[in-house]
Structures are given as structure tokens and as C-alpha cells.
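Here's a quick tour for anyone meeting this protein for the first time. Have a look at the sequence and the model, then read on.

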Amino acid sequence: MPSYTILVCYTDKFKRTGTARLRVKAGDPTAARRKAVQELEEFSKYSSRPDGRAFELDTIQVVEQADPRREEGLLITRNNIHSGVEVWEFKGTIDANTNRQFEELIEEAVREGTHRIVLDFKGVEYINSSGIGTIVSASSEINIRIANLPQKIAEVFLVVGLDQLLPIFHSVDE
């Protein structure tokens, strides 16, 4: 049975908000969402806040669901193309939970003697500073180019000046 990571936002009866990341096993995404909500509701029955008040839920909203085929919400596919260039296709988020997977792949590429990589970010939904740091760090060892940046990711890259450090292209073919 596949395992799903579900991010749930909730509000308690005192209008305090919080988030919970739950890992649940279920047959399909709908069942996983339902099971995550049930687990949070069950938890709230037997828990109290540090101030001693009951932890009664008012609203629950599932805000993110990781694909079970991804490791913690990130899938990276390595494709070899001609002239020793690899294209890495990304799907999902690059954040504190998934960045180690990205770092390990970079380390593997360095060990294998890979010299040029195109990072295809068409499927990237979000990247935080840990992912940007990995790219910057790796660029000192490997010739990295970036392609297919979604608009919101491109804005982040412009703000942090990554466009001045690395070549960014509209497509992998460029």
C-alpha cells in the first residue's frame, strides 16, 4: 500500500492555527486525505495545549499532498543526452524535507565524473533557500544550467541573483 505525506492546516476552538505533516498509508489519494484528517481529529481528542485548555478542532484543511512515487514530495529523473550533458527533470518541491535527496544526487554525479547538467525545473512547484544553496554549492564543481523555470521560481532566482551566477534558459533545447 502506498504511503502519502499530507500537510494539514487546522484552527482550534480558540482560533489558534497550526499545521501538521502526517505520513499515512492508504490505497489512493482520497483515502489518504480522509485518513490524515481522521488521525488529526483522533489526536485532538486526547491532547491538550500547554496552557491546559482542550485542543478542540474547529476547521481542518488539507493543503498539500505528496505523490507516493516521490520521496517526500520530490522526483528527480536523470536523463543522459549527447556530448556528456545530463538533463535532470524535477517534479515537486525542493525544501528542507527534500533537499538531501538533491544533494545526494549531486554528490553521485560528481563521483561519476559528470561535468555538465541541465536542471529542468518545469515541474518544480516550490524551492527554498536550502535548494538554492545546493545549486550554488554544486555550481563550483559542475557546470550547471537551468531551464524551464516556472514564473514564481524565476522571480525567486532573480531576487537572489542566481540569474547572474548561472545561465537560465527557456527550454532544455536552448
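N148 sits in the loop between strand 7 and helix 4 (151-160); helices (H or I, at least four residues) and strands (E, at least two) are DSSP runs, numbered from the N terminus. This is a predicted model, where local features need pLDDT of at least 70 and side-chain atom pairs count only at pLDDT 80 or more, while totals for chains, interfaces and linings use all residues. Residues are numbered from 1 along each chain as its sequence is written, and side-chain values use heavy atoms, with hydrogens and water left out.

So what about the backbone? Most residues other than glycine have a negative phi. N148 isn't a glycine, yet its phi is positive, at about 60 degrees. N148 is also buried, since its relative accessible area is 17% (buried means under 20% relative accessible area, exposed over 50%, partly exposed in between, using a 1.4 Å probe and protein chains only).

K122 is exposed, with a relative accessible area of 60%. Skip its neighbours within four places in sequence, and K122 is in contact with A147, N148 and P150, where contact means heavy atoms within 4.5 Å.

## The overall layout

Zooming out, the protein has 5 helices and 8 strands. Read from the N terminus, the elements go β-β-α-β-β-β-α-β-α-β-α-α-β.

There are 174 residues, and 41% of them count as buried. Take the contacts with a separation of 6 or more: 61% of those join residues 24 or more positions apart.

## Two helices side by side

How do helix 2 and helix 3 pack? Helix 2 (residues 99-112) and helix 3 (residues 129-138) meet at an angle of about 10 degrees, and their axes are 9 Å apart. That makes helix 2 roughly parallel to helix 3. Here axes are lines fitted to C-alpha atoms, for helices over the stretch in contact, and angles run from 0 to 180 degrees between N-to-C directions; under 35 degrees counts as roughly parallel, over 145 as roughly antiparallel, 65 to 115 as roughly perpendicular and the rest as oblique.

Helix 2 brings N99, F102, E103 and I106 to the contact, and helix 3 brings S130, G131, T134, I135 and A138. Sorted by class, that's 4 nonpolar, 4 polar and 1 charged residues (Ala, Val, Leu, Ile, Met, Phe, Trp, Tyr, Cys and Pro count as nonpolar, Asp, Glu, Lys and Arg as charged, and the others, Gly among them, as polar).

## Around those helices

S129 lies in helix 3 and counts as exposed, at 61% relative accessibility. From S129 to V160 it's 31 residues in sequence and 9.5 Å in space, C-alpha to C-alpha.

T114 belongs to the loop between helix 2 and strand 6. Is T114 buried or exposed? T114 is buried, with a relative accessible area of 11%. Setting aside its neighbours within four places in sequence, T114 is in contact with R78, E86, A109 and I142.
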